[in-house]
Amino acid sequence: MHQDDSIDFQIAELIGKYLRDEITSEELIVLERWRSQDSRNLRLWQELNDKQYLAERLKAWPTDTQSAALWSKMHGRTNRARFQRRIWRIGAVAAVLLVAVLYAVRWYEFADTPNIVDRTAAEITQIGPNVTGGQATVASSAGVVLITDAGEQIALEGEQIHSYQLEKLALKWKGNHRSLHHTIKTAVANTYQVELSDGTNVWLNAASSLRYPVAFEGEERKVFLTGEAYFDVAKDADKPFTVITGKSYIRVLGTEFNVRSYPGEVEDRTSLFTGSVNVQRKSSGTLFALTPGYEAIVSDVQDISVRRMVASKVLAWKENLFIFENEPLGELMGELATWYGLTVHFEDPAAKAYRFTGRLKRYPTINTLLDLISETSKVTFRVNGDQIWINSVEKKD
Amino acid sequence: MDDSQLVLQFKAGNEAAYKALFDRFNKRLLYVAEGIVYDRNLAEDIVQEVFWKLWDRRVHFNEVQSIRAFLYLSVKNACRNHYKHEKVIEKYRARQGEPIEDDVVLSKIIEAEVMESLYHAIEKLPTGCREVVHLRYFEGMSIQEVAEQLNISVNTVKTQKMRALRSLRLQLRTLSVGMALLIELLLMVK
C-alpha cells in the first residue's frame, strides 16, 4: 500500500555506486538512460558529480547530535501518546472506571517520564563532545597557516576559528609588542580572507603569503605580499597604505585593487578597480599613477607598462573560477601549476601554442580540469605526484 | 537483526526496532525536509510527526522498503502542507524562485539517498589513512614528501608508529578512484 514507484530508489543507488566507482557496465547503461530522460535528471546528475557541490551538501547533512536530540524529544512524547491511545480505547468500553485509571496512569507517567528524558539527555551530552572531538582532529590540518613573530604556527580554517585565534593572539601580545607582525600563508588550492586592524579586507589567493602588523602604528600602513591578493583598503587619508612585493611598491589611500606577484612569474601585476594607486618599480624607482580599469605591469627587465584590464579575468580566482579566453596552453598550464603547486613539462613544445577558451571551476584537484581539457583537445596528460607531462595526441600515436 | 526481523519486531511494538528505523532514516528525512522548507526547526517538526505517524501505522508494514517510501512520501506531503505557511513561501522564493514541485522533491530524495551512501563510506575510512591522504591531496605533496613530512612529525614517536605510517603510504598507492573522491570530499567538508 505504501509502495510508490514515483521515487526512484534504484537510480539513487546507482549514482552512489558510480561515485564510489563500484558500478557495473549494465548498471551504467540504466544510469545513462535515466540521465538522458529529462533535463532535471541531467541537472541532478551534474550536481551530484560536482565535488564542490557534494562537499557543500555534506556539510548540510544532519549531525549525530542533531538526530539524537530529535529522538530524545520524540521519545518522551511517544510514550505519552501511546499511553493516551491505550486509555482512549479502554475509555470507550468503560468510561466511568477510566477516570480513576487515567489519573493513576498520568500520575505514573508524569512521575516517571522526566527521569527517562533526563537520562537520555545525559547520554547525548556525553556522546556529543566525543563525536566532535574526533572530527576536530581531522579538521586540524588546514591549508592556511598563521605564523606569529614568536614563531607560533596556527592552522586557520573557518572565519570563526580565524577571528577567534586572531583576537586571542592580539590580546596576548597587546601592549608590549607594538610592532608585532603576523604572516598568513595559504597552501596550494586554498584562498583566505582576512580583515586587518584598520578595517582593510584582504583576499589571499593560493600559495601566497601576507605579512602585516597586528596593529598599524606610525604614519604608514605597510604590508608585505608574495603571490596574489585582492585589497579593499579602508580609507584613511592620514595614513597611506602600502603593499610591498618583490618588485614593486603600491601606495594607496583607500581603494580596491588586485596585486599579483608570484615569485616564479616574470611580471608583477596591479589591477585597479576603484580609487587610485601609485605603483612604483623597486629597482628603477619609476612611479606610475594608475586609474581605475587599468593595470600596471612591473617586470625585472622592463619599466612599468600599463594596459586595460579584463576585470572578470583578474577576479576569477576570487570567484573560485579559472577564466580563459583564447589562452595558449602554455600560459594556461602555468596558471594551473601555480594554483595546484605542480610542475609542468611539455613533451611536445608545439602543444604550448594550442588555445583554449572557457570558464572552469577551481576543483580541489587538477584531475577534473585535465580531463575537461583533454576531452576538448588533442593533448594528453600524464600526472605523477606533483609533475605533469603534456603531449599532443598525434605525436604520441 | 536483519530487515525482515526488524519489521516484525517493529510491528509488534518493539521500541528498539522503532529506534533502529529512526536511526536509519531520520537524517535523510531531515535533509530532504530542510532542503525544501529551508528551516531547521520546521524540518525537525516535520520529521518528528512523520515518525509518529509511522508508529501509529506500524501494523501495516511488511518490509523496510515500504517504510522508507512511506517516510519520504509523508515528508513530501508534510512539506507541501507547511509550504502554505507564508514564511516558508518567502524563504523559498528568496532562495529558489520556484514553487515546490513533485520532481523537485523527488530530486531531493534521490540526492538524500546518494548523500547517505557517501556519508557512510566516508565514516568508514580509517583516521590514519585520512591523515596521509590529507598531505597527499590537500597539501599537494608527493608520496616522498608525505613520507618525509610524517617522519619529521613523528620523530619523537616510537618506531612502531613509523611502521604503521609506512604501511599507510603503501595503502595510499592502491587507493581506488572512488576512494580518492571520498577523501577529497572528506577534506572539503572538515
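In chain A, contacts with a separation of 6 or more include a 48% share from residues 24 or more positions apart. This comes from a predicted model, so the figures here are computed from predicted coordinates.

**Chain A overall**

Chain A contains eleven helices and 20 strands. Of its 397 residues, 43% count as buried. Its accessible surface is about 21000 Å², and carbon and sulfur atoms make up 53% of that area.

**Strands and hairpins of chain A**

On one side of the pairing list is strand β11 (residues 267–274), which runs antiparallel to β14(A) over five bridges; here A:Ser271 has A:Glu295 as its bridge partner. β14(A) also pairs with strand β15 (residues 305–308), again in the antiparallel sense, over four bridges. In that pairing A:Tyr294 stands opposite A:Arg308, and a hairpin of five residues links β14(A) to β15(A).

Across the pair, A:Arg382 faces A:Trp389 of β20(A).

The antiparallel pairs can be set out together:

| Strand | Partner strand | Bridges |
|---|---|---|
| β11(A), residues 267–274 | β14(A) | five bridges |
| β14(A) | β15(A), residues 305–308 | four bridges |

**Two backbone angles to look at**

Most residues other than glycine have a negative phi. A:Ala207 has a positive phi of about 50° although it is not a glycine. A:Ala207 sits in the loop that runs between β5 (201–204) and β6 (209–213) of chain A. Is A:Ala207 exposed, partly exposed or buried? With a relative accessibility of 32%, A:Ala207 counts as partly exposed.

A:Asn320 also has a positive phi, of about 65°, and is not a glycine. A:Asn320 belongs to the loop between α8 (311–315) and β16 (321–328) of chain A. Because its relative accessibility is 27%, A:Asn320 counts as partly exposed.

In soluble globular proteins, nonpolar side chains tend to be buried together. Here the largest nonpolar core has 61 residues, and those with the most contacts inside it are A:Ile15, B:Phe51, B:Ile67 and B:Leu71. Helix α2 (residues 15–37) of chain B gives the most to this core, contributing twelve residues. Apart from that core lies another of 28 residues, including A:Phe216, A:Ile250, A:Leu272 and A:Ile304.

Which residues does B:Leu71 touch, leaving aside its neighbours within four places in sequence? B:Leu71 is in contact with B:Phe25, B:Leu29, B:Val50, B:Phe51 and B:Leu54.

**Helix α3 of chain B**

B:Val50, B:Phe51 and B:Leu54 are also among the buried residues of α3(B), together with others including B:Leu42, B:Ile46, B:Trp52 and B:Trp55. This helix covers residues 40–56, has 17 residues and reaches 24 Å from its first C-alpha to its last, close to the 24 Å expected at 1.5 Å a residue. At its N-terminal end, α3(B) is capped by B:Asp39, which has a side-chain oxygen 3.0 Å from the backbone nitrogen of B:Asn41.

Methods. Residues are numbered from 1 along each chain as its sequence is written. Chains are lettered from A and ligands numbered from 1 in the order in which they are written. This is a predicted model: local features need pLDDT of at least 70, side-chain atom pairs count only at pLDDT 80 or more; totals for chains, interfaces and linings use all residues. Side-chain values use heavy atoms; hydrogens and water are left out. Helices (H or I, at least four residues) and strands (E, at least two) are DSSP runs, numbered from the N terminus. The expected span of a helix is 1.5 Å times one less than its number of residues. Buried means under 20% relative accessible area, exposed over 50%, partly exposed in between (1.4 Å probe, protein chains only). A polar contact is a pair of N or O atoms within 3.5 Å; within protein, one must be able to donate a hydrogen and the other to accept it, and residues adjacent in sequence count only if both atoms are side-chain atoms. Contact means heavy atoms within 4.5 Å. Accessible areas come from the Shrake-Rupley method with a 1.4 Å probe; for residues, only the protein chains shown count as cover. A nonpolar core is a set of buried Ala, Val, Leu, Ile, Met, Phe, Trp, Tyr and Cys residues joined through side-chain atoms within 4.5 Å. Two strands pair if DSSP finds at least two bridges between them.
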